[in-house]
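Look through the sequence and the model below before reading on.

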Amino acid sequence: MSASPFAGPSAADILAELAELRAGDAPTQGGRVLSYVYDSGLSELDELARDAAELTRPLNALDPTTFPSIAVMERELIAFMRRALGGGTPRFGGGVVGSVTSGGTESCLLAVKTARDLWRADHPELAAKLARAGKQPRLVTASTVHAAFQKAARMFDLDWDPVACEPDGSVRAAGFEEKLGADVALVVVSAPAYPNGALDPVAEVAGIAKEFGVSCHVDACFGGLALPWWPGLPDWDFRVPGVTSISADLHKFGYAPKGVSVLLHRGRKRHRAQFFATTSWPGYPVVNPTLLGSKPASPLAAAWAISKRLGFDGYAALTASCVRSAETIVREASLIRGLNVWGAPSGPSIALVTDDGVPEGERVDPHHLADELATRGFRIQHQPGFTQRNGVRLPHTAHLTVTPVTERTLPELVPALQAAADAVRGRRQASPRLELLGMQALGFAPKREGGAYRVPSPDMAWRILKIAGAGSRGSSLPGKLAPLMALAEKLPAPVAEAILIELLARVSEP
Ligand SMILES: Cc1ncc(COP(=O)(O)O)c(C=O)c1O
């Protein structure tokens with residue numbers, strides 16, 4: 001046997017190293033992690049997705065003319081999704097067309113970019129007037145809209161103008177109406193909102209937006225493949241007049257591996273405004289509807305394969321399981337002394353919140369609960385509280401994404417929730433007093449300088465993080481997240497954001 005020309009370790013050793021690294025990851029299957037991962041619980045689907053992904057792995061989905069299989073899969077997936085989202089008939093759909101993207105954030109970014117470009121084309125004088133006044137067109141959403149829309153506003157030069165929610169996380173259509181005007185480039189409603197599972201008043205808001213001639217996007221990235229089969233909901237999709245675009249993720253309740261979502265538009269004109277094209281360079285004409293250029297075909301192929309295998313009946317059956325689990329969790333969590341469900345979830349997202357109606361010593365703090373539950377093998381997600389611009393505070397909560405596999409874990413999850421609540425009952429929300437004192441000792445005060453907050457340098461942010469428990473045990477992450485979340489809640493947003501950027505940047509710093 002001839003010697004290998006490569007100096008690196010053998011393929012077997014490299015894969016063994018990777019397997020060891022993977023063993024340290026949170027489990028992606030089995031329902032122990034109630035966020036980030038969407039487990040159908042069906043190994044048949046996972047195998048199909050893997051095989052479809054492998055068959056298409058070498059392709060570049062940038063060019064469906066060179067690789068026509070991409071065009072076929074994309075076409076069929078869009079057709080499937082538009083039927084699921086009420087756009088399958090001309091009566092309701094008005095010619096719904098769209099594109100496959102790499103995920104929820106990309107779909108949201110493109111929805112905003114498209115609406116902004118159309119708004120600019122329709123309002124050249126107002127756009128120029130605003131620009132002269134140093135102002136930007138607005139993006140109106142509820143406070144609970146996914147953060148991807150804040151990112152979009154920053155990237156595409158819009159002013160994010162959130163409608164304040166009620167303390168229970170719901171939002172009123174009247175709040176949107178008050179904000180509408182000619183300078184609004186896009187209104188966004190969620191179906192449902194990630195933090196609390198609330199279904200925004202889609203029909204009312206879309207109707208008002210239509211009257212004002214404003215585009216209305218429904219962000220169904222989370223619920224796009226669950227809400228179509230969720231019982232008892234009002235219409236929220238293309239059947240609603242005034243809804244101009246919808247985003248829906250296949251890599252969430254579509255059960256495909258990460259990297260696939262769709263953005264659908266009512267009408268070709270709107271869809272075409274999503275494209276980028278240029279012939280003004282000496283290379284190949286670049287014409288594409290997404291932010292990415294070269295891109296993998298595997299997530300598309302996996303989503304296409306799963307949608308074919310499941311069909312609407314399959315998705316309906318998987319959603320029915322989520323409904324049963326969500327009802328059980330809502331019921332059982334509400335029975336836990338000191339704990340409540342935040343608002344009224346209309347979908348597979350549930351947020352747990354302290355019940356302020358019982359004496360302090362009997363309250364259950366959701367972040368302590370999440371930390372305690374982690375020691376019992378279940379991970380739920382810390383969501384910091386936040387004060388809206390009108391002063392109404394949205395509470396800190398703990399989020400659970402319910403997936404079909406959750407039903408199998410309920411006999412363990414419910415007692416674990418009860419036991420974790422018993423263990424932390426009466427413990428008050430973590431106080432960042434030590435961290436704040438530590439910041440003072442380090443000479444950093446979060447104060448305004450010339451209108452904007454002074455933000456800590458990377459080194460200063462890291463020193464603050466270390467006080468909050470980061471950097472110990474060879475990991476940049478603190479063992480418990482409750483104190484860090486409490487600190488993030490207390491600090492002005494730009495300061496908290498700089499500290500959290502540092503935390504994430506350190507994770508992968510060589
Ligand atoms: C409602 C909603 N919109 C957008 C997104 C962003 O999706 P992604 O994480 O795929 O970029 C999410 C993610 O959870 C979501 O729940």
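**Spaces, ligand and backbone**

Ten positions can be picked out in the model to begin with: Thr 28, Gly 31, Val 33, Leu 34, Val 37, Asp 39, Thr 401, Thr 403, Val 405 and Thr 406 line the largest cavity. On a 1 Å grid over the protein atoms alone, a cavity is a set of points where a 1.4 Å probe fits but cannot get out, and lining residues have an atom within 4 Å of a point. The model is predicted, with pLDDT of at least 70 needed for local features and 80 or more for side-chain atom pairs, while totals for chains, interfaces and linings use all residues. Residues are numbered from 1 along each chain as its sequence is written, and side-chain values use heavy atoms, without hydrogens and water.

The largest cavity has a volume of about 40 Å³; a volume is the space filled by probe spheres set on the grid points, which are joined across faces, edges and corners. The count of cavities of 30 Å³ or more is one. Its lining divides into four nonpolar, five polar and one charged residue. Here Ala, Val, Leu, Ile, Met, Phe, Trp, Tyr, Cys and Pro count as nonpolar, Asp, Glu, Lys and Arg as charged, and the others, Gly among them, as polar.

A pocket, unlike a cavity, is an open set of points, with protein on both sides within 12 Å along at least five of seven lines. The second largest pocket holds about 530 Å³ of space. It is lined by 22 residues, and Thr 354, Asp 356, Asp 365, His 396 and Gln 429 are the closest to its centre. By type, the lining has eight nonpolar, five polar and nine charged residues. Helix 16 gives the largest share, three residues. Where does the second largest pocket lie? Domain 2 (310-424) and domain 3 (433-507) both contribute to its lining, so the pocket lies between them. The domain bounds come from an automatic or database domain assignment.

Next comes the ligand. Residues around it, with a heavy atom within 4 Å, include His 146, Pro 192, Tyr 194 and Lys 252. This shell divides into five nonpolar, four polar and three charged residues. Its largest share, three residues, comes from helix 5 (residues 104-122); helices are DSSP runs of H or I with at least four residues, strands are E runs of at least two, and both are numbered from the N terminus. A polar side-chain atom of Thr 105 is 2.5 Å from a ligand oxygen, and a polar backbone atom of Gly 104 is 3.0 Å from one.

Two backbone points remain. Most residues other than glycine have a negative phi, and most peptide bonds are trans. Ala 191 and Pro 192 are joined by a cis peptide bond, with omega about -10 degrees. Pro 192 sits in the loop between strand 4 (184-190) and helix 9 (202-212). Tyr 36 has a positive phi, near 70 degrees, and lies in the loop between helix 1 (11-23) and helix 2 (43-56).

Key:
A polar contact is a pair of N or O atoms within 3.5 Å; within protein, one must be able to donate a hydrogen and the other to accept it, and residues adjacent in sequence count only if both atoms are side-chain atoms.
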